[in-house]
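I opened this notebook to keep track of what I looked up, entry by entry.

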Amino acid sequence: MTSVLTSLRGKGIEQLLDATAVRRAFEFFESRKDSITDEQIRICSIPAPPFAEEQRAKYLRNRFQELGLGDARIDSEGNCLALRKGRSLAPLMVASAHLDTVFPEGTDLTVHHAGSKLLAPGISDDGCGLAALIALAEALESARIETEGSLLFVGTVGEEGEGNLRGVRHLLTRGEWANRIDMFLSFDGPGTERITNGALGSRRYRVHFRGKGGHSWGDFGVANPVHALGRAIFKLASYPVPKTPRTTFNVGRVEGGGSINAIPQEAMMDVDLRSTSEQELLKLDAFFRRAMREAAEDENINRRNGERALDLNVELIGERPSGETPAASPLVKLACEATEAVGSTPRLEQASTDSNLPISLGIPAITLGAGGTSGNSHTLDEWYDPSGRDLGLKRALLVLLGAVGLTND
């Protein structure tokens, strides 16, 4: 893998830009921009809520089959896989985007137009990434590009929220391609400058307080799970977050209670902890766990004599490893050169994406934007503007071909 990347760095990008087959692919991105946008709209209109990505996976599989990737299939975890074999299986590079959205079943996914913008939940994250996979596969076929190594196109499940990277985790640790992948590239969101080479670590928890419950007047003094939850949130909010390294926490969901005049039997919250530093994340994690215990103890101390104490359950529901593909690595340098080749300024970033998993396993991995611009991600007002998308696709093609090698010119 390293020898292929090293040999194509620097002048290698220039050689790719001069190759007839690459120029044909670039022309494809320019001439087919409307059909690529139409593809993105179709993808976005297919529901893919957490843990229910089957419809979108089947659509992607069918499109890959239509493009001549005959072995396209869905694996046991729900990922869609399609191999485009080169002269050799190695080096093998994954080109991926995630199938799932953050939006629950029943969300209206109708795509609306506002000038050049497309408005719909998930239209950018990761509708544009999935559209990029199809556009790249189609351009490779249309331009009759042959490669030295091979490309494995993957639509992953479980990238968002409680999915806990289950799709890429299966791909790299338990699936048929485990221990055979040399490099990993994911497309997530828009842009032509961003190169995510740093994996932002996170831990996600579900906290439950459970008690006896009762009447708000007659049973006053019974330990109240919602009161304990309030104490817990207050304690977490008091954490002295450092300015650097950047560290965050968030209570993203709260549930509990059924009536204004009833002491609830249960209260729950979901908590997200993140830091660019693994050491700081461990400190925040320890503070969080202690705060939850203290909140339960404080509520229990104040309960009426003889009443049942609250039960506390803190469940780890997600853990994303941190790490980095070094800026000096051949893959990151290649991405920087490809970014400059399309007229953009490369910007190295750290984020939480599917690349977290391969980075943690020592596999060179980066995440790129797929061109265009967007805003209001993870909201019902999410939008995507495909203007300039072709630059993102050209950059992506240069990275893929620079990594696995081009045989024809």
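**Entry 1: terms and basis.** Before I read any bridge, I note that two strands pair if DSSP finds at least two bridges between them, and that helices (H or I, at least four residues) and strands (E, at least two) are DSSP runs numbered from the N terminus. I am working on a predicted model, in which local features need pLDDT of at least 70 and side-chain atom pairs count only at pLDDT 80 or more, while totals for chains, interfaces and linings use all residues. Residues are numbered from 1 along each chain as its sequence is written, and side-chain values use heavy atoms, with hydrogens and water left out.

**Entry 2: strand S17.** I looked up the partners of S17 and found that S7 runs parallel to S17, with 4 bridges joining them, whereas S8 pairs with S17 in the antiparallel sense over 2 bridges. Thr367 of S17 is the bridge partner of Ser186, and Thr367 is also the bridge partner of Thr196. Within S17 (residues 365-368), Ala365 and Thr367 point one way and Ile366 and Leu368 the other way, and all are buried; buried here means under 20% relative accessible area, exposed means over 50%, and partly exposed lies in between (1.4 Å probe, protein chains only).

**Entry 3: Asp188.** I then went to Asp188, which sits in the loop between strand S7 (183-187) and S8. Is Asp188 buried or exposed? Asp188 counts as buried because its relative accessibility is 13%. Leaving out residues up to four places away in sequence, I list the contacts of Asp188 as His98, Asp125, Asp126, Glu159, Arg194, Thr353, Thr367, Leu368 and Gly369, where contact means heavy atoms within 4.5 Å. I also noted that the C-alpha atoms of Asp188 and Gly129 are separated by 5.3 Å, although the two residues are 59 apart along the chain.

**Entry 4: the largest pocket.** For pockets I rely on a 1 Å grid over the protein atoms alone, where a cavity is a set of points that a 1.4 Å probe fits but cannot get out of, a pocket is an open set with protein on both sides within 12 Å along at least five of seven lines, and lining residues have an atom within 4 Å of a point. Grid points are joined across faces, edges and corners, and a volume is the space filled by probe spheres set on the points. The largest pocket has a volume of about 1,200 Å³. Its lining consists of 42 residues, and Glu160, Gly161, Arg204, Arg274 and His378 lie nearest the centre. The elements giving two or more residues to this lining include strand S8 (194-199), strand S9 (201-210) and strand S14 (311-320). By class I have 9 nonpolar, 19 polar and 14 charged residues in the lining of the largest pocket, taking Ala, Val, Leu, Ile, Met, Phe, Trp, Tyr, Cys and Pro as nonpolar, Asp, Glu, Lys and Arg as charged, and the others, Gly among them, as polar.

**Entry 5: the second largest pocket.** The second largest pocket holds about 200 Å³ of space. I find 14 residues lining it, with Phe220, Gly221, Val222, Asn224 and His227 nearest its centre. Helix H8 (225-237) and strand S12 (262-263) are the elements that give two or more residues to this lining, which divides into 7 nonpolar, 5 polar and 2 charged residues.

**Entry 6: backbone exceptions.** Most residues other than glycine have a negative phi, and most peptide bonds are trans. I found the bond from Ala90 to Pro91 to be cis, with omega near -5°, and Pro91 lies in the loop between strand S2 (80-84) and strand S3 (92-98). The bond from Thr244 to Pro245 is likewise cis, with omega near -5°, and Pro245 is in the loop between H8 and S11. Arg144 has a positive phi, near 55°, and counts as exposed because its relative accessibility is 55%. Asn376 has a positive phi near 60° and is partly exposed, with a relative accessible area of 43%.

**Entry 7: the whole protein.** I count 12 helices and 19 strands in the protein, and buried residues make up 55% of its 409 residues.
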